[in-house]
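Dear colleague,

Please find the structure below, together with its sequence. My notes on what was found in it follow directly after.

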Number of protein chains: 2
Amino acid sequence: MHINFPTQIELLSAAQSLTEHWSPRVVAQVNDQYVKVAKLLGQLAWHDHSGEDELFLVLSGRLRIEYRDQPPVELAVGSIHVVPRGVQHNPVAEQECLIALIEPIATRHTGDVATDRTRGINEQLRAIA
Amino acid sequence: MHINFPTQIELLSAAQSLTEHWSPRVVAQVNDQYVKVAKLLGQLAWHDHSGEDELFLVLSGRLRIEYRDQPPVELAVGSIHVVPRGVQHNPVAEQECLIALIEPIATRHTGDVATDRTRGINEQLRAIA
């Protein structure tokens, strides 16, 4: 069952309208994946998603994805990067950064790690203000 | 089995480097979906994908998605639109338009319709020049 979303979404505007950091909102569904937008500042938490890849697209600012065993990936506006399933990573935004995410409907925000920033899917499905 | 892709992809540059219209190239995989870039001009063909949604993201120019029974959707840069599975549609670019696409690995370019513009997946997986 697909959720009813607006016909089209301007990703940057949708992300700009968010009022809270690290609180992704679902804006579209394509097959078994959600498209989300998020506003980031600082760092989230080291975590992984054991069975799910996660795609990042930077809409404004810069995003660094840190890895345990390899150099960080530094992403500028318009660039995408896929964090492979099962790989520990830590997203860091030195300054405010707006992103779009694509990940399976089943993906949990911070994997098996629970932090005070962890957002459940119902919260992510709330309409953007 | 995932294909080895570059660590990060600047979507607009990847699309700009294409030399042929209506010939999508795979640039990344996220779970069971491919991310593709394409350069469009004119129209492709009326078709549908019976079991698969298709996400369009406009990187430059404008894209119109025509539908049989509803008004067309006009997409500007930075906007996404999901064509639902099983719905006949026709992408039209009055002027050259660069896009990113997200669709399942199994999706066929023009659905059950074969045209001289139809590109098989092996062609879509070739490295961008």
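In this predicted model, Glu123(B) and Arg119(B) form a salt bridge, their closest N and O atoms lying 3.5 Å apart. Glu123(B) is partly exposed, at 28% relative accessibility, whereas Arg119(B) counts as buried, at 13%. In chain A, salt bridges with shared partners join Glu20(A), Arg119(A), Glu123(A) and Arg126(A) into one network.

Over all chains, the count of salt bridges comes to 15. Two further examples may be of interest to you.

One of them is formed by Arg85(A) and Asp53(A), with 3.1 Å between the closest N and O atoms. Arg85(A) lies in the loop between strands S7 (79–83) and S8 (89–104) of chain A, and Asp53(A) in the loop between strands S3 (33–43) and S4 (54–60) of that chain, so the bridge ties together parts that are 32 residues apart in sequence. With a relative accessible area of 35%, Arg85(A) is partly exposed; Asp53(A), at 2%, is buried.

The other brings together the side chains of Arg64(B) and Glu94(B), at 3.0 Å from N to O. Because Arg64(B) belongs to strand S5 (residues 63–67) of chain B and Glu94(B) to strand S8 (residues 89–104) of chain B, the pair ties together parts that are 30 residues apart in sequence. Arg64(B) is buried, with a relative accessibility of 16%, while Glu94(B) is exposed, at 60%.

Strand S8 of chain B also takes part in strand pairing: S4(B) and S8(B) run antiparallel and are joined by five bridges. Within this pairing, Leu55(B) has Ile102(B) as its bridge partner in S8(B). S4(B) pairs with strand S7 (residues 79–83) of chain B as well, in the antiparallel sense and over four bridges; here Glu54(B) stands opposite Val83(B). Strand S4 of chain B (residues 54–60) is mostly covered, with six of its seven residues buried.

The largest nonpolar core holds 36 residues, of which Leu11(A) and Leu11(B) touch the most other members. Beyond its neighbours within four places in sequence, Leu11(B) contacts Leu57(A), Gly78(A) and Ile80(A) in chain A.

With kind regards

Technical notes:
Residues are numbered from 1 along each chain as its sequence is written. Chains are lettered from A and ligands numbered from 1 in the order in which they are written. This is a predicted model: local features need pLDDT of at least 70, side-chain atom pairs count only at pLDDT 80 or more; totals for chains, interfaces and linings use all residues. Side-chain values use heavy atoms; hydrogens and water are left out. A nonpolar core is a set of buried Ala, Val, Leu, Ile, Met, Phe, Trp, Tyr and Cys residues joined through side-chain atoms within 4.5 Å. Buried means under 20% relative accessible area, exposed over 50%, partly exposed in between (1.4 Å probe, protein chains only). Contact means heavy atoms within 4.5 Å. A salt bridge is a side-chain nitrogen of Lys or Arg within 4 Å of a carboxyl oxygen of Asp or Glu. Helices (H or I, at least four residues) and strands (E, at least two) are DSSP runs, numbered from the N terminus. Two strands pair if DSSP finds at least two bridges between them.
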